[in-house]
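Please examine the sequence and the three-dimensional structure shown here.

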Amino acid sequence: MKIVFATNNKHKLQEIRQILGDEFEILSLADIGCHADIPETADTLEENAMQKAQYVFDQYHLSCFADDTGLEVDALGGAPGVFSARYAGEGHDSEANMTKLLAELGENNNRNARFRTVIALLLIQGDQVIQKEFEGIVNGEIIRQRRGTTGFGYDPIFLPEGYEETFAELGPEIKNKISHRARAVAKLASFLKKL
């Protein structure tokens, strides 16, 4: 089955392809010739994911899915949340985002946080379009110093529950089994395999 993943983020694309395996041919936006900067203007992860999927579906008439992910930190009232990628500004600068987050947390001992991914799917089945949503959550905490070199985003400061290593130290093999995205993609894959 061919399906478009509405992203040009090479890290996300690689992660999704590893998780889904060979049963699905996952196409990127570049693969279908889409070079638009798809808007993410909604207030929630759910709405942003559907906004991206709907854009690709409307423009290219292909089955597609899109995700949006947020890091939600208890002590910051759920921030950065939907603004995670651009927390320190529009540049999607992971280093700047982590620096800002650590500064805002300061010496606060409540370091509880969770990563949450929402996937919106628009799937063409005959003359119908199936619309579904899948969510994956991983709880953990924000550590005080960056650790590890793999992964991306906030991985060097996020310690998943039940582990002694950050996402950036665990490496892709373990992260892709336990991450928020892996959990959401597992639900997506389970749904697609039943069709």
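His-61 lies in the loop that connects helix H2 (45-60) to S3. Helices (H or I, at least four residues) and strands (E, at least two) are DSSP runs, numbered from the N terminus. The phi angle of His-61 is near 55°, a positive value in a residue other than glycine. His-61 counts as exposed because its relative accessibility is 57%; buried means under 20% relative accessible area, exposed over 50%, and partly exposed in between, with a 1.4 Å probe and protein chains only.

The model is predicted, and local features need pLDDT of at least 70, side-chain atom pairs count only at pLDDT 80 or more, while totals for chains, interfaces and linings use all residues. Residues are numbered from 1 along each chain as its sequence is written, and side-chain values use heavy atoms, with hydrogens and water left out.

Another loop, between strand S1 (2-5) and H1, holds Thr-7. Thr-7 has a relative accessible area of 7% and is therefore buried. Apart from neighbours within four places in sequence, Thr-7 is in contact (heavy atoms within 4.5 Å) with Lys-12, Leu-13, Ser-28 and Leu-29.

A further feature of the backbone is the cis peptide bond between Ala-79 and Pro-80, where omega is about 0°. Pro-80 belongs to strand S4 (residues 80-81).

Strand S5 (residues 112-125) contains Ala-113. Ala-113 is buried, because its relative accessible area is 5%. When neighbours within four places in sequence are set aside, the contacts of Ala-113 include Leu-71, Glu-72, Val-73, Val-138 and Phe-158. The C-alpha atoms of Ala-113 and Asp-74 are separated by 5.8 Å, and these two residues are 39 residues apart along the chain.

Attention may now turn to the pockets. On a 1 Å grid over the protein atoms alone, a cavity is a set of points where a 1.4 Å probe fits but cannot get out, whereas a pocket is an open set with protein on both sides within 12 Å along at least five of seven lines; lining residues have an atom within 4 Å of a point. Grid points are joined across faces, edges and corners, and a volume is the space filled by probe spheres set on the points.

The largest share, four residues, comes from S3. Sorted by class, the lining has eleven nonpolar, twelve polar and eleven charged residues. In this classification, Ala, Val, Leu, Ile, Met, Phe, Trp, Tyr, Cys and Pro count as nonpolar, Asp, Glu, Lys and Arg as charged, and the others, Gly among them, as polar.

The second largest pocket has a volume of about 180 Å³. Among its lining residues are His-11, Gln-14, Glu-15, Gln-18, Phe-152, Phe-167 and Lys-175. H1 and helix H4 (167-178) each supply at least two residues of this lining, and H4 gives the most, with five residues. The lining divides into three nonpolar, seven polar and two charged residues.

Glu-15, one of the residues that line the second largest pocket, is found in helix H1. Is Glu-15 buried or exposed? Glu-15 is buried, because its relative accessible area is 5%. Beyond its neighbours within four places in sequence, Glu-15 is in contact with Phe-152, Lys-175, Asn-176 and Arg-181.

Helix H4 also contains Glu-173. With a relative accessible area of 64%, Glu-173 is exposed. The C-alpha atoms of Glu-173 and Gln-18 are separated by 8.9 Å, although the two residues are 155 residues apart along the chain.

Finally, H4 may be considered together with H5. The axes of these two helices come within 8 Å and cross at roughly 10°. Axes are lines fitted to C-alpha atoms, for helices over the stretch in contact, and angles run from 0 to 180 degrees between N-to-C directions. H4 is therefore roughly parallel to H5; angles under 35 degrees count as roughly parallel, over 145 as roughly antiparallel, 65 to 115 as roughly perpendicular and the rest as oblique. Phe-167, Lys-175, Asn-176, Lys-177 and Ile-178 of H4 make the contact with His-180, Ala-182 and Arg-183 of H5. These contact residues divide into three nonpolar, two polar and three charged.
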